[in-house]
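Trainee: I would like a close look at a single part of this model. Please take me through it step by step.

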Amino acid sequence: MKSLNELQNIRNQYTCLCDDTVSYEKFLIPTQGSGMYVWCMGDDDPYIDLVMGYSSLNFGHNNREVVAAAKNALDKLIHIHSFNTEGKLLLSKLLIEELNTNESFGVYFDVSGSNVVSVAIRVARHYTKNRKVVSFIGGFHGATNVTSAGLTDDDILNKDQYLFNEFEKDVIRIEFPDRRIAGSSLSAIDKLTKLIREADIAAVIIEPVLGAGGFIFPEEDFLLQLRELTRANGVILISDEIQVGMGRLGYLYASKRYGIVPDIILLAKSLAGGIYPLSALICKSELYSVVPSKGSAFHTTFNNSPFGSRLAYDVLCLAKSKGWFENALVTGQYLLRELAFLDESEFISGLRGDGMALAFDIVKPASYTAMTERELPKLFVNTCLERKLIVCTSGKRGNTIKITPPINLTIPECQVIIGRLKECFVAFSDKALLV
Ligand SMILES: Cc1ncc(COP(=O)(O)O)c(C=O)c1O
């Protein structure tokens with residue numbers, strides 16, 4: 001086994017293009033995980049992970065029952081081309097039943113969130129024969145293909161990386177109706193009504209809660225209004241629940257939290273327990289059926305994974321029988337209440353949350369000049385890391401700290417998180433004031 005130093009030397013010599021650790025000042029090699037904890041090489045005490053694979057580990061690191069389901073699925077059938085398998089059929093049925101609707105729906109599986117985003121746009125354009133797509137400022141729909149990147153906000157993704165992205169010309173971005181801004185729903189609906197009248201809009205794609213945009217929650221009735229408007233005008237409503245679905249808001253479907261059934265729902269991340277990168281497009285059958293399928297229009301080598309779909313089915317059954325989704329509502333509310341002390345600080349504002357999706361912003365008080373608005377969040381992240389708490393920054397201004405622990409925590413585990421955040425926060429304030 002290599003030492004930490006040897007691994008650091010390898011890192012320095014052979015740069016990996018997907019090294020995302022730049023904002024962490026400490027070089028860490030995670031070696032083992034369990035629940036909300038991660039052990040790193042050379043450290044006896046574990047770190048608390050509040051990022052949890054960016055919501056792809058909603059049931060915790062190496063959840064024993066999820067791992068057992070994976071081992072069981074591995075032992076059966078790993079891969080096959082084209083055939084239906086029991087797991088795939090049962091998973092499709094369950095995902096559709098959970099919509100609780102009489103309308104006919106179908107499911108397409110893929111291997112990343114970005115992929116199902118691009119399939120959703122293809123379906124919406126075929127069905128409506130319209131070209132343009134509305135997305136939201138602060139929205140994130142992926143980075144790995146031009147469609148998903150074109151929909152994503154420019155402040156969250158550097159668009160120079162994509163050079164000639166023709167699709168972006170067909171994207172219209174409008175303000176997300178932040179529930180903290182009175183009347184924001186009304187102005188978003190007005191803007192959309194006007195757009196739908198004037199432009200050839202195929203779809204509106206929305207994250208029910210902005211994820212990478214820093215957990216911005218919509219006004220309570222916005223999604224209902226959006227559902228009515230799109231339905232009345234034949235515009236396809238795509239709900240991107242890749243980050244806040246799978247129980248983060250207390251429900252399998254985030255759209256259920258807001259009382260709507262969209263035309264297309266997208267899931268990924270925790271769908272197969274974070275073990276297999278399965279994604280799903282749950283779509284009204286009549287939309288899907290107009291796309292000419294000859295020539296494998298809906299196919300990618302591993303989208304038919306017997307392993308991934310069996311695992312996802314077992315994970316969903318586990319989540320349902322254990323009440324993991326509902327648990328997120330109880331523990332999330334507890335965390336939000338107990339973290340209220342954060343808002344008393346002049347460096348912190350906007351503590352917010354719903355289910356196990358919580359966040360706050362690191363801000364620079366007007367009279368404070370020792371550090372810039374960009375430096376303070378970085379100081380917070382690294383102060384947390386020194387005290388064995390893993391957080392990262394997000395949001396349009398890069399100053400939001402999201403708290404996304406596993407959704408199946410107990411209250412005593414939440415108390416441990418609160419205690420650790422308190423410690424980190426005191427250390428951060430001391431450092432910020434000392435500079
Ligand atoms: C809301 C949302 N949509 C789409 C994606 C893209 O998913 P993937 O990274 O699996 O392509 C993400 C990833 O973070 C996301 O949060």
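Which residues does A120 touch, not counting residues up to four places away in sequence?

Mentor: A120 touches I238, I264, L266 and L281. Touching here means that C-beta atoms, placed from the backbone, lie within 7 Å. A word on the source: residues are numbered from 1 along each chain as its sequence is written. This is a predicted model, so local features need pLDDT of at least 70, side-chain atom pairs count only at pLDDT 80 or more, and totals for chains, interfaces and linings use all residues.

Now the setting of A120. The largest nonpolar core has 113 residues, and A120, L266 and L281 have the most contacts inside it. Such a core is a set of buried Ala, Val, Leu, Ile, Met, Phe, Trp, Tyr and Cys residues joined through C-beta atoms within 7 Å. Buried means that 20 or more other C-beta atoms lie within 10 Å of a residue's own, again placed from the backbone. Helix α5 (residues 113-128) supplies the largest share of this core, eight residues. Helices are DSSP runs (H or I, at least four residues), numbered from the N terminus. Domain 1 (15-63 + 324-434) and domain 2 (65-322) each give the core at least three residues. Those bounds come from an automatic or database domain assignment.

Next, the ligand. α5 also gives the most to the shell around the ligand, with three residues. Of the 16 residues around the ligand, G113, S114, G142, I242 and Q243 come nearest. Near means a C-beta atom, placed from the backbone, within 6 Å of the molecule.

Terms used
A residue is buried if 20 or more other C-beta atoms lie within 10 Å of its own, exposed if 12 or fewer, and partly exposed in between; C-beta atoms are placed from the backbone. Helices (H or I, at least four residues) and strands (E, at least two) are DSSP runs, numbered from the N terminus. Two residues are in contact if their C-beta atoms, placed from the backbone, lie within 7 Å.
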